[in-house]
Amino acid sequence: DRIPADGVVRAGRSTVDESSFTGEPLPVTKIPESEVAAGSINLNGTLTVEVRRPGGETAMGDIVRLVEEAQSREAPVQRLADQVSGHFTYGVIALSAATFVFWNLFGAHVLPTAIQYGGPVSLALQLSCSVLVVACPCALGLATPTAMLVGTSLGATRGLLLRGGNILEKFAMVNTVVFDKTGTLTIGRPVVTKVVTSGSLTDPNS
């Protein structure tokens, strides 16, 4: 069963799977005075644990808060997009108003064939609304935070924790990745890939 809270073992002996935290595939033996973490799996023994950090104070709770903060933290490119969207909005509104005025006052004289159904006001209103719809900066303002949210969420489901959108943005400049544990890269289930006999080790033609 999963250990429900962070604490210290007071009695019992068992092996605990802590791969979700450490990445190490091999279970760790827990004896009295050993520390255990919430979310790790007790495999084959009975443990009496003194709770030190219950509920949201556990290491798992810290990870959850870290993911939530990462999703709410703005990246530099997101702040830039928000600034551009703010100024761009006024430009789009002004362009839409100019489109309405032009087609309402001068459109009928410049392009009479465009007014076939309805009057100049109806055509001017349609064209000004089209400008608003096509040039609306909503996509610019929503695309960046949505991409950050999806990226951090998918990373969390795969065991990759990011401190924020700014860290995700810096990945574009990464050219070297260093892993500190083999369990981080492996799945913890070794399989036989090749059998080498003693004869093949001494045979120079093998």
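Predicted model: local features only at pLDDT ≥ 70, side-chain atom pairs only at ≥ 80, totals over all residues.

Visitor: Is aspartate 6 buried or exposed?

Guide: Buried means under 20% relative accessible area. Aspartate 6 has 8% relative accessibility, so this residue counts as buried.

Visitor: Which residues is aspartate 6 in contact with, leaving aside neighbours within four places in sequence?

Guide: Among them are Val36, Ala37 and Ala38, along with Glu50, Val51, Arg52 and Arg53. Thr58 and Ala59 belong to that list too.

Visitor: How should I read a sheet?

Guide: Strands of a sheet pair through backbone hydrogen bonds, either parallel or antiparallel. Here, 3 strands form an open sheet, ordered 3-2-5, with antiparallel pairing. Its edge strands, strand 3 (28–30) and strand 5 (41–42), each pair on one side only.

Visitor: How many bridges join strand 2 to strand 3?

Guide: There are 3 bridges between strand 2 (residues 14–17) and strand 3. As an example, threonine 15 has threonine 29 in strand 3 as its bridge partner.

Visitor: And the whole protein?

Guide: It has 8 helices and 6 strands. Of its 206 residues, 23% are buried. Among contacts between residues at least 6 apart in sequence, 68% join residues at least 24 apart. The protein exposes about 14200 Å², with carbon and sulfur atoms supplying 63% of that area.

Methods
Residues numbered from 1 in each chain as written. Heavy atoms only, no water. Pairing = 2+ DSSP bridges. Helix = DSSP H or I, 4+ residues; strand = E, 2+ residues; numbered from the N terminus. Buried < 20%, exposed > 50% of the residue type's maximum accessible area, 1.4 Å probe, protein only. Contact = heavy atoms within 4.5 Å. Areas by Shrake-Rupley, 256 points an atom, 1.4 Å probe, with all protein chains shown as cover.
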